[in-house]
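Morning, everyone. Please have a look at the model first.

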Amino acid sequence: MDPVGAKDLAFRKICTERFILSICYSLLQQYLLVTIFLLFINFSILHPINWIVGTVRLLVSFYPWIASVPLAVGVTVHGVVLAKSCLLESRYHSTNFLKLYRNLIQRSALLLTNGTIGCLTAWLYTRFLRDEYRLLFLSSDQDEVTYLNERFVYLLLSGVFAGSYYFAREQSNPGAVDFSIILLPKVAQYWNNLSSALTKSLRKSFVGMFIYMSFYYTISCLLRHRLASFLGGAKLQDDSTLYSFCNIVMDVRLLVYTCLFSALILSNINLMHVLFRIFLNEPQHFSLETSVFHANDEPLLADALAYKQIPIVQQLAADDLFVVAEAQSNVRRKQLFALTVPGGHPNNWRRVYEVCMKLIGDFTQELEHSIDGIGPKPAPPMVLMGGVLRPTASVDKELLMKKQYNQNFGIRSLSSPTLNSPPVGGKAVDGGVSLATALKRIPGYDYLFVESKSSKSYYLLSVQSQLIVKVTQSLVAIASRSLAEDTYGVLQNDLSCIVHTLLELKRVVDKIGSINLDVKRVDRNYIALKGAVKRSLYRFTNAFGPYIKHLVIEPEDLKALQGFVNFREV
């Protein structure tokens with residue numbers, strides 16, 4: 001097997017093991033939610049012992065395990081689709097239309113699996129209810145006619161709606177995984193999310209229930225009679241759609257079941273994402289050194305940092321590098337500073353150093369290129385109010401809105417007359433220009449088909465900045481600890497390059513604050529990146545302060561470091 005294929009296989013194996021564990025625990029989670037449901041519907045305050053014993057007897061019986069097989073299959077399929085979305089490489093989409101187009105298949109599959117889980121969950125829970133909510137057909141004792149049970153249809157569609165509602169409201173980026181700053185034990189993480197998920201889902205289910213009522217009434221008006229004829233020609237209990245709908249929404253027990261179904265379905269899908277995040281956040285120790293005498297099948301840390309096909313692998317490698325840099329024990333750092341045998345070369349450090357410098361350098365270059373076309377922040381207008389000059393943002397906002405309105409509707413300012421130029425291409429050119437102008441006036445055209453000047457900056461700050469934050473801090477932490485632990489001096493020749501790269505990144509990050517970029521959209525990531533760069537430079541100057549003049553540093557970089565040496569940089 002070629003080395004590239006071996007690396008790819010090793011990294012995918014790491015992710016696959018975590019996905020399998022997440023899906024297995026998601027299957028066990030279904031029985032926890034079923035237990036909560038059974039405890040609720042069998043609640044009896046007068047006979048608490050019988051309530052608990054009866055619920056436990058029902059859970060250990062054979063029927064719930066057989067009835068939950070379809071839901072288990074649906075959860076497994078949804079886990080596979082969710083795993084594939086986590087494995088996708090993060091790419092920049094210049095326009096919203098391109099983003100929707102490239103993610104159409106993935107999001108359609110997730111929508112389908114969310115709706116399927118909701119439907120199968122509702123079907124499973126109805127197995128434990130009375131016949132008027134459990135059966136699809138009801139027979140009349142008087143005239144022996146089979147009627148369509150619209151209450152069962154109402155509960156079943158509520159499950160589909162709950163799954164789709166969660167997808168539309170919550171899953172804006174299903175493949176994104178947030179890595180925790182402080183890693184708690186798995187049980188503590190799940191327990192904290194379980195209590196919050198149940199309470200939030202119960203609150204959201206009340207709002208979703210009223211939205212679903214309007215949705216169900218619309219579907220009933222369109223497909224109620226067709227559904228009855230499709231299901232073997234079953235009769236409807238009430239020919240009037242409005243009267244049947246009123247009977248359904250006035251059934252208090254049915255509304256309680258609907259609210260409970262929605263809450264448990266929302267909690268189920270939300271907790272599946274929690275389980276994926278818990279297992280994907282689990283630390284992974286990568287190998288730091290290789291030897292010609294011992295075969296090492298573990299993937300190298302440098303290779304994992306450079307592996308862009310799966311962003312999760314890069315984040316795990318960055319976390320592991322941070323652990324190596326900040327750990328109290330220096331066992332792994334000694335491996336990083338060690339020389340190869342035979343040869344005596346610092347290959348372990350060079351591999352990690354080159355990858356880290358490339359990541360920071362590429363990020364700095366792309367970020368600087370993305371803000372080139374953005375102008376500086378305009379000075380706020382000054383108005384005289386009560387004898388004091390005060391800036392107002394409302395006037396600036398009004399002028400901007402007026403300018404956009406004039407551009408969209410072709411209103412030309414009288415203060416800047418334009419000269420009419422003779423036509424060059426005739427009527428065909430004029431027709432094409434007029435068609436393009438008409439298309440641009442359509443509401444939503446700019447949102448879908450026009451690339452914003454700041455969209456690339458938002459992408460870099462929101463997607464890649466977290467990786468750069470950890471790599472930057474880890475690199476400086478290793479360099480600072482090398483004073484006492486690097487016995488061979490493998491880092492000394494690279495200190496000037498590290499300082500120059502960090503100062504270049506600081507220059508670009510500071511430039512973002514002076515241009516007309518709405519950093520509120522990426523406020524958390526921007527502040528974290530800016531703070532990480534300054535914190536790293538302060539740590540470097542604090543460690544190498546007495547030796548700054550003896551290091552081979554460019555005069556411009558040395559001048560920029562004086563603010564950090566004197567603790568005057570803010």
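Let me start with the second largest cavity: α15 gives the largest share of its lining, 3 residues. Keep in mind that this is a predicted model. The volume here is about 40 Å³. Who lines this space? The residues are S287, L288, L300, L301, A302, N348, R351 and V352. Two elements give two or more residues to that lining: α12, spanning 301-305, and α15, spanning 347-370. By class, the second largest cavity is lined by 5 nonpolar, 2 polar and 1 charged residues.

Now, the wider count. With a cut-off of 30 Å³ or more, the model has 3 cavities.

On to the largest cavity. How much space lies in it? About 60 Å³. Which helices supply at least two residues each to its lining? There are α8 at 150-170, α9 at 186-230 and α11 at 252-280. Of these, α9 brings the largest share, with 5 residues.

Here is the lining of the largest cavity by name. Find S158, F161, A162 and Y165 on your screens. Then come K204, S205, G208, M209 and Y212. T258, S262 and L266 complete the list. Sorted by class, the lining of the largest cavity holds 6 nonpolar, 5 polar and 1 charged residues.

To recap. The largest cavity holds about 60 Å³, and α9 leads its lining with 5 residues. Thanks, that's my part.

Notes
Residues numbered from 1 in each chain as written. Predicted model: local features only at pLDDT ≥ 70, side-chain atom pairs only at ≥ 80, totals over all residues. Heavy atoms only, no water. 1 Å grid on protein atoms, 1.4 Å probe; cavity = no way out; pocket = protein on both sides within 12 Å on 5 of 7 lines; lining within 4 Å. Points joined across faces, edges and corners; volume = space filled by probe spheres on them. Helix = DSSP H or I, 4+ residues; strand = E, 2+ residues; numbered from the N terminus. Nonpolar A, V, L, I, M, F, W, Y, C, P; charged D, E, K, R; others polar.
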